[in-house]
Amino acid sequence: MSDLALLYATVCGGACVSAIASVFKGKLLKGGLLEESVVVGSSLGTIVTCSLFFVFEHGVALPKVTTGFWAALTVTGGLNILIQYLGTKALKLEEASVVIPLAATTPAWLVVFSWLLLGEWPTRAGYAGIATISLGTYIVALRGGSLLAPWVRIIRSRGARLALGTAYLGSISLNFDKLAVLESDPMTFSASAYAIVALSIYLWAKSRGNWVMFPKEVFFTGMIAGVGTVLMNSGYLYGIVPYVGTLKRTTIFWGVLFAGVILRETNIKTNI
């Protein structure tokens with residue numbers, strides 16, 4: 001398979017799986033679970049999945065990382081603490097069919113960050129693809145309303161604002177994600193990043209006296225998310241960050257679809 005085909009297969013496939021995990025996570029949160037417990041439990045499940053992928057590909061061996069890995073991991077690990085917590089909080093406050101599209105709306109200045117940090121620049125055809133998917137994202141956000149409807153929703157809904165905030169943070173972290181993947185492998189990076197997230201949120205919750213043990217369903221949801229994480233992070237091996245970030249937006253379609261099927265949320269037909 002060509003690099004382009006592998007890019008589409010890994011990122012789009014991972015986006016579909018990640019959307020399923022996000023919808024199940026939203027269902028668990030609506031059931032009253034604390035976001036700290038969900039973040040930690042799902043992160044641990046993701047770590048297990050990443051470890052299984054690593055053993056399947058490399059056998060029982062130590063990961064091979066180069067010196068640049070640790071700096072990139074430190075930056076993206078810190079950003080992902082906020083991304084995972086705020087994204088989970090958003091799912092608790094707002095419908096998954098609203099949160100998933102907003103969280104997947106990587107701002108246009110991802111292109112600028114990719115150029116500054118990695119020297120990556122899309123082709124003209126790449127720009128056309130990015131613009132097309134960006135327009136589709138905005139149309140989904142309209143939800144049958146006026147052109148200003150998405151902005152009104154963002155102003156009124158805290159969950160929508162948090163979801164959009166994770167997208168902006170993601171436009172920075174994606175570049176460091178790629179650096180960390182290239183200095184190690186998709187499984188090692190993914191497991192390491194989620195270990196930072198799980199440990200940080202757990203210690204924070206314990207210090208506030210706000211820790212409650214998560215049920216096994218949260219852990220299994222994290223294992224599903226781990227499959228999507230490994231697939232999407234593998235995309236960095238085959239394409240530049242703006243392409244990976246744009247293809248991740250296909251999670252919008254799957255998120256809206258699964259939110260309707262699993263959570264029975266409203267306006268699903270309009271959005272699709």
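1. A nonpolar core is a set of buried Ala, Val, Leu, Ile, Met, Phe, Trp, Tyr and Cys residues joined through side-chain atoms within 4.5 Å. Here "buried" stands for under 20% relative accessible area, "exposed" for over 50%, and "partly exposed" for what lies in between (1.4 Å probe, protein chains only). With that in hand, the largest such core in this structure holds 15 residues, and F189 and Y236 have the most contacts inside it. At least two of its residues come from each of helix 1 (3-30), helix 3 (68-93), helix 8 (158-182), helix 9 (186-207) and helix 11 (241-247). Another core, of 11 residues, lies apart from it and includes L28, L91, V197 and I201.

2. A word on the ground rules before going further. This is a predicted model, in which local features need pLDDT of at least 70 and side-chain atom pairs count only at pLDDT 80 or more, while totals for chains, interfaces and linings use all residues. Residues are numbered from 1 along each chain as its sequence is written, and side-chain values use heavy atoms, with hydrogens and water left out.

3. Now the overall picture. The protein chain has 13 helices and zero strands, where helices (H or I, at least four residues) and strands (E, at least two) are DSSP runs numbered from the N terminus. Of its 272 residues, 51% count as buried. Its accessible surface (Shrake-Rupley method, 1.4 Å probe; for residues, only the protein chains shown count as cover) comes to about 12600 Å², and 69% of that belongs to carbon and sulfur atoms. A contact means heavy atoms within 4.5 Å; among contacts between residues at least 6 apart in sequence, 86% join residues at least 24 apart.

4. What does F189 touch, once residues up to four places away in sequence are set aside? The list is F69, L73, T76, D177, A180, V181, S184 and N233. F69, for its part, sits in helix 3 and counts as buried, at 1% relative accessibility. Under the same exclusion of residues up to four places away, F69 touches A180, E183, S184, T188, F189 and S192. The C-alpha atoms of F69 and S184 are separated by 6.7 Å, although these residues are 115 apart along the chain.

5. S173 belongs to helix 8 and is buried, with 3% relative accessibility. Leaving aside neighbours within four places in sequence, S173 is in contact with T76, L79, N80 and I83. T76 is also on the list of residues that F189 touches.

6. After helix 2 comes G59, whose phi is positive, near 80°.

7. How many salt bridges are there? The count comes to four, taking a salt bridge as a side-chain nitrogen of Lys or Arg within 4 Å of a carboxyl oxygen of Asp or Glu. E35 and K89 form one of them, at 2.7 Å from N to O. This pair links distant parts of the chain, with E35 in helix 2 and K89 in helix 3, 54 residues apart. Both E35 and K89 are buried.

8. E36 also forms a salt bridge, with R208, and the closest N and O atoms are 3.0 Å apart. E36 lies in helix 2 and R208 in the loop between helix 9 and helix 10 (216-234), so the pair ties together parts that are 172 residues apart in sequence.

9. E217 is partly exposed, at 38% relative accessibility, while K216 is exposed, at 57%.

10. Finally, the surface. V112, W115, L116, L117 and W121 form a nonpolar patch with about 520 Å² of accessible area together; nonpolar patches join side chains of Val, Leu, Ile, Met, Phe, Trp and Tyr within 5 Å (like charges are joined within 9 Å), using residues with over 30% relative accessible area and no salt bridge. W121 is found in the loop between helix 5 (110-118) and helix 6 (124-142). At 46% relative accessibility, W121 is partly exposed.
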